[in-house]
Amino acid sequence: PIPLGGIAARRDLGTETIQKIDQCIRFSVRYAFDHPEKSVEYIHNYAQELNDMVIRNHINLYVNTFSEDLGIEGAAAITEFLKRGRTAGIFAGETHSGSSNIFSVIGNNS
């Protein structure tokens, strides 16, 4: 599974600020899971397709348990994606030397 997008924070923001950002995002995702009707209301304001079933299917396709926590499987998928991109010359740079983890561990439930 490769997410269509991600949220990143510069490490120089510091642990405290990154933790606050992480908490806000987790709260927002959890709220959306707990109140799916609110997401549908919001999407109705901006979507081209107004059928509730189509909207719910779209949400379920792109917002799932990986939205809350990539877990080992999701992190491995992104790491492999970046590795292949670097090998193909698509992505520049390297993973932080001395660290096999490119992901912040702040708030990570894995």
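**Entry 1: a helix turn**

I began with R84 and E80, which sit four residues apart in helix α5 (residues 71-87), so about one helical turn separates them. Helices here are DSSP runs of H or I with at least four residues, strands are runs of E with at least two, and both are numbered from the N terminus. I then looked at the side chains of R84 and E80 and found that they meet in a salt bridge, at 2.8 Å from N to O. I noted the cut-off too: a salt bridge is a side-chain nitrogen of Lys or Arg within 4 Å of a carboxyl oxygen of Asp or Glu.

Are R84 and E80 exposed or partly exposed? R84 counts as exposed because its relative accessibility is 59%, while E80 is partly exposed at 31%. The scale I used calls a residue buried under 20% relative accessible area, exposed over 50%, and partly exposed in between (1.4 Å probe, protein chains only).

**Entry 2: what I am looking at**

I reminded myself that this is a predicted model, where local features need pLDDT of at least 70 and side-chain atom pairs count only at pLDDT 80 or more, while totals for chains, interfaces and linings use all residues. Residues are numbered from 1 along each chain as its sequence is written, and side-chain values use heavy atoms, with hydrogens and water left out.

I counted the secondary structure next: five helices and zero strands. Read from the N terminus, the order is α-α-α-α-α. Of the 110 residues in the protein, 14% are buried.

How many salt bridges does the structure hold? I found six.

One of them joins the side chains of E16 and K20, at 3.4 Å from N to O. Both residues lie in helix α1, four residues apart, or about one turn. E16 is exposed at 56% relative accessible area, whereas K20 is partly exposed at 48%.

I looked up the second largest pocket, with a volume of about 440 Å³. A pocket, on a 1 Å grid over the protein atoms alone, is an open set of points where a 1.4 Å probe fits, with protein on both sides within 12 Å along at least five of seven lines; lining residues have an atom within 4 Å of a point. The volume is the space filled by probe spheres set on the points, which are joined across faces, edges and corners.

Of the 18 lining residues, A32, S39, I43, I59 and V63 are the closest to the centre of this pocket. Which element gives the largest share of the lining? It is α2, with six residues.

**Entry 3: a surface patch**

Last, I turned to L61, Y62 and V63, which form a nonpolar patch on the surface with about 280 Å² of accessible area together. Such a patch joins nonpolar side chains (Val, Leu, Ile, Met, Phe, Trp, Tyr) within 5 Å, from residues with over 30% relative accessible area and no salt bridge. Areas come from the Shrake-Rupley method with a 1.4 Å probe. Y62 lies in helix α3 and counts as partly exposed at 41% relative accessibility.

Technical notes: Patches are made of residues with over 30% relative accessible area and no salt bridge: like charges are joined within 9 Å, nonpolar side chains (Val, Leu, Ile, Met, Phe, Trp, Tyr) within 5 Å.
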